[in-house]
Protein chains: 4
Amino acid sequence: MNSYGSRFRVTTYGESHGPAVGAVIDGCPAGVSLDMEAIDEALARRRHGAPRQEKDEVEWLSGLKDGITLGSPIAFLLRNKDVRPEDYARLEHMFRPGHADYTYYMKYGLRDHCGGGRASARETAVRVVAGAIAMQLMPEVDIRSTVESGGMPTENDTVGGVVSCCVRGVAAGVGEPLFGKLNASLAAAMMSIPSAIGFEMGAGFEAARMKGSEYIDLWNSQFLEGDGNRETATPLTITNHCGGIQGGISNGMPIEFRVAFHPVVTIPQPVECLHEDGHLETLQIDGRHDRYHIERAAVVVEAMTALCLINYLL
Amino acid sequence: MNSYGSRFRVTTYGESHGPAVGAVIDGCPAGVSLDMEAIDEALARRRHGAPRQEKDEVEWLSGLKDGITLGSPIAFLLRNKDVRPEDYARLEHMFRPGHADYTYYMKYGLRDHCGGGRASARETAVRVVAGAIAMQLMPEVDIRSTVESGGMPTENDTVGGVVSCCVRGVAAGVGEPLFGKLNASLAAAMMSIPSAIGFEMGAGFEAARMKGSEYIDLWNSQFLEGDGNRETATPLTITNHCGGIQGGISNGMPIEFRVAFHPVVTIPQPVECLHEDGHLETLQIDGRHDRYHIERAAVVVEAMTALCLINYLL
Amino acid sequence: MNSYGSRFRVTTYGESHGPAVGAVIDGCPAGVSLDMEAIDEALARRRHGAPRQEKDEVEWLSGLKDGITLGSPIAFLLRNKDVRPEDYARLEHMFRPGHADYTYYMKYGLRDHCGGGRASARETAVRVVAGAIAMQLMPEVDIRSTVESGGMPTENDTVGGVVSCCVRGVAAGVGEPLFGKLNASLAAAMMSIPSAIGFEMGAGFEAARMKGSEYIDLWNSQFLEGDGNRETATPLTITNHCGGIQGGISNGMPIEFRVAFHPVVTIPQPVECLHEDGHLETLQIDGRHDRYHIERAAVVVEAMTALCLINYLL
Amino acid sequence: MNSYGSRFRVTTYGESHGPAVGAVIDGCPAGVSLDMEAIDEALARRRHGAPRQEKDEVEWLSGLKDGITLGSPIAFLLRNKDVRPEDYARLEHMFRPGHADYTYYMKYGLRDHCGGGRASARETAVRVVAGAIAMQLMPEVDIRSTVESGGMPTENDTVGGVVSCCVRGVAAGVGEPLFGKLNASLAAAMMSIPSAIGFEMGAGFEAARMKGSEYIDLWNSQFLEGDGNRETATPLTITNHCGGIQGGISNGMPIEFRVAFHPVVTIPQPVECLHEDGHLETLQIDGRHDRYHIERAAVVVEAMTALCLINYLL
């Protein structure tokens, strides 16, 4: 449903063009002094270049006293300011191609046609706040995402891209066998991001073309020689084709994965929409270019990685 | 942990070389007459070409009366017959490269060194039984997997491969927004299969290189013209780059995805193992070739797809 | 943690003297037109005679469009207006007797000493809103609570009481065997209400003194004679000692249970408090009498009954 | 459904007169040496005086190596030996009064009429095994139940009774506010036991007749004087009317509660049964007296208390 996580559970809410988006975080330990600036910075990174021009100000509702967590649920919200329902009036009975308009309608029998409602990328701002809190609970972990491709869209089109992510500082032994595998949880976390369409650990799809003798990550003979300090030790394996996870459990190597995103499906050119009555109609949906779609996705990749990991590390 | 699903919950157990592997299925509706032959056939498909020579006979413990489900938990087990702990004695203190030996040890502080214990592919037999039951609860759904690449391993090496899967018969409107997205659940289900290392929906990683105008699946103008029968209608969209899911919810098109598997990490040639004390030692682990690794994975892909879907459809 | 329910999941938040209390409801079906007056009436019933003088105005944040549910999470909040942290300054290092001050401190290592923080009865206003929504989803069910005893407190003391509850309109067959028993869920729901200290179904503790031949609810011979209409039929059993639930599943008879509440532990006379440093100190905590404690508890009993039942009936 | 617990999750299965009853325990830590004799002793206590004459031998299927837990799921079963389906043939279309026959039928549309199927007390043997394992994981906790009343049934009738339980060794700070209250979880655990019909903490229903000044547990002035050793300290409070839990969290005092059980509903005299077609028929169900019903319930109370607590303490 709309909750993520078991130990550090984030329940999000809010439509793109309703009064607010927000979340309740249940499971945050007591006594943590939150760095509110770090949260605002993460939000600012996500907002960079976004089509909607609105500063995201977090309104904190509970769970904090003088910036210290109480151990009770942390509730917060972000008011929606740049709300223009009138822009969407002509879409009330139309299904845009590539969007979730049709599928929401088939599931719920009705929908909020304004700006995608719940399916809007607006909702990811909430994940970024929650992720920024999660990161502060595991300072030893470093999560870094990079936009590998995608780049600037052309004058009347959008582009897809790939975000790669490298996580350092997760000790060996984190994860679960079977259905709680760390890589399976990361896959689900990433595929929950709007526009995500592919996920791979380490060598990923390339590994499907390898032979076993090429794929296997060989042990480093110098691992744990010297002073036995894992922090300064030679890496455990020579290569990292597995992406730092074996049998669903981390081996202490960097956790590496890549996420493919399809292009933004709101394109700045006329498209054929499906009317509820079955006929097609050509409409110009939006003139605003979304040039930093993949860059923003990379910020959400980091947030979801943090939310995934904290549920294993708390 | 070791349970999969919420409405149709499968809890598995068993070590590769312990007395048995098995599961408890909670949530199966009452009054269903199970086709036991279909279950045995699925098991036989998975067993085909497996290194372990043992016929899998399902022992049913509960939840059935005269082959009819009672609505109570269905428990079953498969005895492990081809158990050879003596083969593994010399591995007691060794971590094989590429395996989960090291990570299990780091998590639990101890491990069952015999045949991978819980991390063994042996456990997937249990999933195949549960998946075969799930399939019988949704006869309108057709799940078909194909081995795209991989093929026969060479004389002293193993190979990876890709399994593609196409699911027909899932109506539009199945799934959840946000964190219960059908594609996210499929990703987690697939990445929970041993050796899975990548997952993509529809155009997948290829979509990251597309422009929006190329990627968007255009509406079919003839959809629902004629007699309005969805079964015989023109497909909803001209292309299916999204793989049949938009905003986490099915649109009624075939659900298409691909899973990358890395090569079997037990290779028929000597490999350097890491001893618990830190030194490396070259060992010949196993002389048995596993030629049908990807074919068997394809059977498990179908089973996990069924287990994923039934949790949305019940 | 702070969530109740699986299918209709209510996640609450808010400290008694923080900015707001509120909740997110996940799982409410789409397309339901909510009766906002009924929600306000339930809140007014709960507020009647409460020590805190503040009108509860619900601020709706998401999940609704023109009063119709969208199927997405319904978030709402109630601002705390009558917040007087200065009243509580002298309690910062004191544990009041009978309260949760000490146990919260031992669990979290810190606490919000203002008005009980999260343990305050203030939080039940949120449950009443959620319960009022749940009731609207099952119009065939009638939940009625009665204050059996308790009554007016004396001039400088508080009293306990018993609330009995009768639920009509739940068909036979609702519940689960084993750990999801309807009576077990009702027990947990009731014991989650502040001050609840006892729960019994039907004949309850009295049944422990009965013989089997007295206790067993005998079948009514005329049940289903006549036109076979269950609505107008003679009741299934002559007595209802079991309280309408057998083996964890409803039998169609009225569901009857009683909840014991201990007296309010804030009494209008001086009490000895425990200082964090170990010494005792006599303090007059509050001069305001809480005369309608049990009456308000009865409203919460109805709300929690609704929240319990809707998770079986959706 | 059929699982209990989140961190230490027990999933049970098995019909009374099917091949076996058993469970899978997920979440047991690795490296624990299980005392198998203690488990057998608990089973023997539960079996004492039971109508069914069969020695319960636990068959361990997974999760153990040389009696040491592996951290993987512990699966076990108890074969049903004293199975006499022919005894039940004449009950196939009859609903016994007081039993769950009718409610199961209304829920599932069919039922296993042999010996109560899933509703049988036979299933509690499984809980006793799981509880005995849980107890070994928290050796500092002492759980002791006492039969307060009930006693020997008369020559042709059964009796109810009350089991009181006292838990020592649970430190202050164990529990959760709101919906995860320790007392609420205990209530649900107890009400999940067959025949349980009432639950109360500490002063319980008696507290409903008290004034606040009588009910409040006063602080002990000598608490933590002396050497500050909580083990040897004066008890925290003079009385323990709250039963050791405040605001859902333990205060370190003994946790005290009582459970009411109604009489066994299989009585050794003729009773009127309801036929599926609506007519009543007088049948003599069983001639075997169940004299130790409440004594056996007391063993299950201890087991469920252990299963409840371990989910907070792990």
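Visitor: At what angle do helix α3 (residues 124-136) of chain D and helix α6 (residues 293-313) of chain D pack?
Guide: This is a predicted model. In chain D, the axes of helix α3 and helix α6 lie 8 Å apart. The angle at which α3(D) and α6(D) pack is about 50°.

Visitor: Is α3(D) parallel or oblique to α6(D)?
Guide: The two helices pack at an angle of about 50°. Angles under 35 degrees count as roughly parallel, and 65 to 115 as roughly perpendicular. The angle of α3(D) to α6(D) therefore makes the pair oblique.

Visitor: Which hand does the crossing of α3(D) and α6(D) have?
Guide: The helices of this crossing are α3(D), residues 124-136, and α6(D), residues 293-313. Where α3(D) passes α6(D), the crossing is left-handed.

Visitor: How many nonpolar residues does the contact of α3(D) with α6(D) have?
Guide: Residues of α3(D) that meet α6(D) include D:Val128, D:Ala130 and D:Met135, and among those they meet in α6(D) are D:Val299, D:Leu307 and D:Ile310. By class, the contact has 2 charged and 2 polar residues, and its nonpolar residues number 11.

Visitor: How many residues of strand β7 (residues 74-79) of chain D are buried?
Guide: A residue counts as buried if 20 or more other C-beta atoms lie within 10 Å of its own. Strand β7(D) is mostly covered. Of its 6 residues, the number buried is 5.

Visitor: Which residue of β7(D) stands opposite D:Gly22?
Guide: Strand β3 (residues 20-26) of chain D runs antiparallel to β7(D), joined by 6 bridges. In that strand pair, the residue of β7(D) opposite D:Gly22 is D:Leu77.

Visitor: Which helix of chain B gives the most to the side of chain B that touches chain A?
Guide: The contact takes 81 residues from chain A and 81 residues from chain B. One helix, residues 182-191, gives 6 residues to the side of chain B; that helix is α4.

Visitor: Which residue of chain B stands opposite A:Gly198?
Guide: Strand β11 (residues 196-201) of chain A and strand β11 (residues 196-201) of chain B run antiparallel, with 3 bridges between them. Opposite A:Gly198 stands B:Glu200.

Visitor: How far apart are the closest C-alpha atoms of chain B and chain C?
Guide: No contact joins these two chains. The closest C-alpha atoms of chain B and chain C lie apart by 9 Å.

Technical notes
Residues numbered from 1 in each chain as written. Chains lettered and ligands numbered in written order. Predicted model: local features only at pLDDT ≥ 70, side-chain atom pairs only at ≥ 80, totals over all residues. Contact = placed C-beta atoms within 7 Å. Helix = DSSP H or I, 4+ residues; strand = E, 2+ residues; numbered from the N terminus. Pairing = 2+ DSSP bridges. Buried ≥ 20, exposed ≤ 12 C-beta atoms within 10 Å, placed from the backbone. Axes fitted to C-alpha atoms, helices over the stretch in contact; angles between N-to-C directions. Parallel < 35°, antiparallel > 145°, perpendicular 65-115°, else oblique. Left-handed = near helix turned anticlockwise from the far one by under 90°. Nonpolar A, V, L, I, M, F, W, Y, C, P; charged D, E, K, R; others polar.
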